[in-house]
Amino acid sequence: MIYGTDYYPEHWPEDRWPEDLRLMREASINTIRIAEFMWSVIEPSEGHFDFTLLDKIIGMASSAGMNIVLCTPTAAPPKWLMDLHPDIYQTDGSGKTRGFGSRRHYCFNSVVFKEYSRKIIKEMAVRYSGNKNVIAWQLDNEFGCHDTVRCYCHNCSTAFSKWLESKYGSIAALNEKLGMSFWGQHYPSFESVVLPADTVCDNKAAGMHAHNPGLFLDYCRFASDSVFDYAVFQINELRKYGVNVPITHNFMGSFYDLDYYKLAEPFEFISWDCYPNIAHGPFSSLSEVSYNHDKVRGYRNDKYWVMEQCSGQNGWNYMHETPRPGEIRLWAYQSVAHGADGLVYFRWRPALFGTEQYWHGILDHDGVPRQRYDEIKQTGKELEAISEIVTGSRITSDVCILNSFDNTWSHAYQKHSENFDYNRILYTIHNSITSLNINCDVRAMCPDLAAYRLVVMPAYNISSEEEASLLASYVSGGGCLAITFRSGNRDLYNKINGLVLPGYFRELCGIDVINYDAAGSSVRPVSGITGSLNANTWCDIINGKDSTVLAEYTGGFYSGTPCITVNNFGKGKVYYIGFNTDMPSYSKIFDYISEKAGVRRTPLRPVPGVETVFRTASGSDCIFVMNHNETPVIVPLDRAYTDAISKDRLGECLRLEPFGVAVIY
Ligand code: GLA
Ligand code: ZN
C-alpha cells in the first residue's frame with residue numbers, strides 16, 4: 001500500500017533532507033508528494049529553468065527507495081509571470097481583479113497562461129518521465145480551491161460566448177430555451193451574452209441574486225468545463241513528453257463548483273484531501289467525512305488515494321482543535337475502510353514561514369518526532385500487516401444515493417426554502433443509512449443501477465424524461481427506488497417543466513403533489529410506519545391516488561394528508577418521501593425501506609458513534625469497526641471473530657478504546 005507524506009524540501013536546508021528521509025522510512029512511509037508550489041523555484045525568471053533542487057531531492061529520495069508523486073507546479077504562478085501578463089489574473093463577480101499574494105490566482109481560460117504552463121510541464125516531463133521512482137504525477141493542486149472555478153474576466157466572457165454558441169447554435173435558440181422573454185433579456189448575439197456576475201438586484205448579505213437561472217446553470221457548467229479542459233490539456237502535455245505512469249489530481253470533499261464526475265474521467269485514479277478536524281457541528285469526523293469518502297469513491301466508482309490525510313492540528317490564522325491521541329490513526333483507517341489504497345499525510349513538517357505556519361504535520365516545527373509521529377508509525381506498521389485483507393477486498397453496497405452537480409448548482413442558486421441545503425440533505429440521508437450499519441455508495445445517475453437493491457434519489461430537481469425511463473427500467477426489473485421532495489420539476493435548462501409534480505417521476509411514484517409548504521426551520525408533525533417525527537425545510541402536500549400511504553402529516557392545515565407513500569411499479573417499488581427531516585428520523589424511514597428492499601447490513605448491532613464498513617473478498621469478508629467516541633465502547637458481536645490488527649480472538653463482544661479500531665473477520 002502507498003503510505004506517504006507531502007513534502008516541501010524547498011522549505012528546509014538540504015542537510016536536513018537525509019534525516020527526514022530516514023525518519024520517514026522508519027515510520028513505513030514509502031512515498032513523497034512534491035513540487036506543486038515549486039514553479040518559482042524551477043523557473044525563477046522567464047525561460048530560465050533551474051532543476052538543481054528538484055534533481056537533488058528526487059535523487060536522494062530515489063536512493064532511499066522512496067516512491068515519488070511529482071506535481072505540475074501550476075497552482076502557484078510566479079510573480080514575474082503575473083507582472084508580465086496581468087491578464088492571467090482572475091476577476092471576481094464584482095469586477096475586481098483577484099491579485100497576487102496567495103496562490104491559484106490564474107484564470108483557466110487564459111491562453112497566455114496555458115502557453116506558460118505548457119513550457120514548464122514540458123521541461124518537467126522530459127526531465128523526469130524516465131525516473132522509475134516517479135510512480136505518479138499530480139496535476140496542479142486542488143483545482144477550485146479558494147473559490148477559483150468561477151472567474152468573470154474578459155477571457156472567460158469570450159470563452160463563454162463560444163461555449164454557448166456551440167451548445168445552442170443560434171442566439172434565437174438560446175433566448176427561447178433559457179426563457180429570455182422574462183424581463184425582456186433577449187440577447188442579440190452570443191458575443192453580447194453576459195457572465196452572470198453581480199447585478200443591481202444582487203444582495204450578497206441577503207443571499208439574493210437575480211440572473212436567469214438557466215444562464216447561471218450554463219455558466220456553472222461552462223466554468224467547470226474550463227477546469228476540465230485545462231486538466232485534459234495538462235494530461236496531454238505530460239503524455240506527449242513521455243509520462244507513462246498514472247496521472248491523478250487531488251479533489252476536495254467540500255468543493256462543489258466542479259463536476260467531479262466529469263473531471264474524474266481522464267485520470268487513472270483520483271485522490272482527495274481529507275481534514276476531519278476542520279469538519280464542525282453536525283459535519284463531524286464521522287458523518288461528513290464518511291460521506292465524503294463514499295462520495296469520492298463514487299466519482300470513478302473505484303478505489304482512490306487520500307493525497308492529503310490530516311496529521312495534526314491545523315488552521316491558517318488560528319488553529320483548530322488538536323487531534324486527540326488515536327484520532328489520526330482512526331481517520332487513516334476510516335480512509336482505508338472506505339476504499340483508499342493510497343494514504344499520503346499532509347504534511348511532513350509545518351513550515352516556519354508563510355500562510356500555513358499553523359498547519360501542522362507529522363513532525364513539529366522543531367523537527368522533533370513526537371506523539372503524532374509515533375501514532376503514524378504504528379498505523380503504518382499495522383497497515384503493512386493487514387495489507388492483504390485491505391488490497392484483497394472491496395466495498396460492496398446494496399444502496400446507492402444519486403448525486404448530481406447540475407442539482408447542486410441549481411439548488412444553491414434557488415434554494416426553495418430558507419434553510420434548504422442539497423448537500424446537507426444528501427449527507428444526512430447517507431448518514432441515516434450508514435448508521436444502520438449499511439454500506440452506501442454515492443454516485444451520479446448511471447445505467448448500472450441494477451446492482452443495487454435500493455436507489456435513493458434526494459431532491460432530484462434538474463432531470464429529464466431519459467432519466468425517468470432509466471429509473472423506470474430499474475424499478476420494473478425489481479429495484480427499489482426512494483424519491484424525495486423537490487424532484488422531477490425542472491428541465492435541463494433549469495426551467496420549471498410545468499408538469500404535475502413530481503414531474504418526470506409522477507408515473508413512477510403514482511402520486512400527485514398538489515401543493516407544498518416551504519416550512520424553513522418550522523417543524524410539522526408526521527406520524528406513520530416510522531412513529532412520530534418532525535418534518536422541516538420542505539413539505540409536499542400530496543394526493544396519494546392509488547399508492548399506499550405509509551405516513552401522514554398530523555398538524556397544520558394539511559393534517560391528515562399523505563407524506564410518505566409507496567407505489568408498486570413493475571416488479572419493484574417506488575417510495576416517495578415528501579418532506580425533509582433530521583438524521584434520526586431519516587434513519588427510521590430508511591430502516592423500514594431498506595429492510596423491505598432486502599438490503600444487507602453488517603451483522604453487528606449499531607452502536608452510536610461507531611462506524612462499520614463491510615468489505616468483501618473472494619476468501620473472507622471483513623468489517624472495519626471504528627469508534628469515533630472519546631470514550632471506550634463495547635460492540636456486541638453476532639459470532640466469534642478475529643481482529644486482524646491485534647490478532648485477538650473475539651467472543652461475545654468487542655471492546656474498543658476511545659478512537660479505537662478493529663478489522664474483524
Ligand atoms: C489544502 C491544500 C494544501 C494546503 C492544505 C492546508 O487542502 O491542498 O496545499 O493548503 O489545504 O491548508
Ligand atoms: Zn477568467
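Trainee: How many cavities of 30 Å³ or more does a search of the whole structure find?

Mentor: The search comes back with 3 cavities of 30 Å³ or more. Keep in mind that this is a predicted model.

Trainee: What volume does the largest cavity have, and which residues lie nearest its centre?

Mentor: There's about 70 Å³ of space in the largest cavity. Its lining has 13 residues, and those nearest the centre are Asp 294, His 338, Asn 439, Cys 440 and Val 613. Helix H10 (287-300) and strand S23 (610-617) are the elements that give two or more residues to that lining.

Trainee: And how does the lining of the largest cavity divide by residue type?

Mentor: You get 4 nonpolar, 6 polar and 3 charged residues there.

Trainee: Which elements give two or more residues to the lining of the largest pocket?

Mentor: Three helices: H8 (213-240), H14 (405-413) and H15 (422-434). H14 gives the most, with 5 residues. By type, the lining of the largest pocket splits into 13 nonpolar, 7 polar and 11 charged.

Trainee: What about the second largest pocket, how much space lies in there?

Mentor: About 610 Å³. It is lined by 23 residues, with His 11, Phe 37, Ser 102, Arg 103 and Thr 355 nearest the centre.

Trainee: Switching topic: which residues are the protein donors of the zinc ion (ligand 2)?

Mentor: Four cysteines, through their SG atoms: Cys 107, Cys 151, Cys 153 and Cys 156, lying 2.3 Å from the zinc ion (ligand 2). Along the chain the donors follow the spacing C-x43-C-x1-C-x2-C.

Trainee: What geometry does the site of the zinc ion (ligand 2) have?

Mentor: Tetrahedral, with angles of 97 to 121° among the 4 donor atoms. For reference, the ideal angle for four tetrahedral donors is 109.5 degrees.

Trainee: Are Cys 151 and Cys 153 buried or exposed?

Mentor: Both Cys 151 and Cys 153 are buried.

Trainee: Now the sheet. What's the strand order in the open sheet of 9 strands?

Mentor: The order reads S7-S6-S3-S2-S1-S11-S10-S9-S8, and the pairing is parallel.

Trainee: Which strands stand at the edges?

Mentor: Strand S7 (247-248) and strand S8 (250-252) do. Each has a single partner strand, so one side of each is left without a neighbour in the sheet.

Trainee: How many bridges join S9 to S10?

Mentor: Strand S9 (residues 271-274) and strand S10 (residues 304-310) run parallel and are joined by 4 bridges. If you want a spot to look at, Cys 274 stands opposite Gln 309 in S10.

Trainee: Where do Ser 28 and Thr 537 lie?

Mentor: Ser 28 is in the loop between helix H1 (17-26) and strand S2 (31-34), whereas Thr 537 is in strand S18 (residues 531-543).

Trainee: Why does Ser 28 count as buried?

Mentor: Because its relative accessibility is 7%, and buried means under 20%. Thr 537 counts as buried as well, at 3%.

Trainee: Last one: Arg 329, buried or exposed?

Mentor: Buried, with a relative accessible area of 13%. Arg 329 lies in helix H11 (residues 327-338). The C-alpha atoms of Arg 329 and Cys 310 are separated by 9.9 Å, with the two residues 19 apart along the chain.

Methods: Residues numbered from 1 in each chain as written. Chains lettered and ligands numbered in written order. Predicted model: local features only at pLDDT ≥ 70, side-chain atom pairs only at ≥ 80, totals over all residues. Heavy atoms only, no water. Nonpolar A, V, L, I, M, F, W, Y, C, P; charged D, E, K, R; others polar. 1 Å grid on protein atoms, 1.4 Å probe; cavity = no way out; pocket = protein on both sides within 12 Å on 5 of 7 lines; lining within 4 Å. Points joined across faces, edges and corners; volume = space filled by probe spheres on them. Donors = N, O, S within 2.8 Å, 3.2 Å for Na, K, Ca; no water. Tetrahedral: all angles 85-135°; square planar, octahedral: opposite > 155°, others 65-115°. Buried < 20%, exposed > 50% of the residue type's maximum accessible area, 1.4 Å probe, protein only. Pairing = 2+ DSSP bridges.
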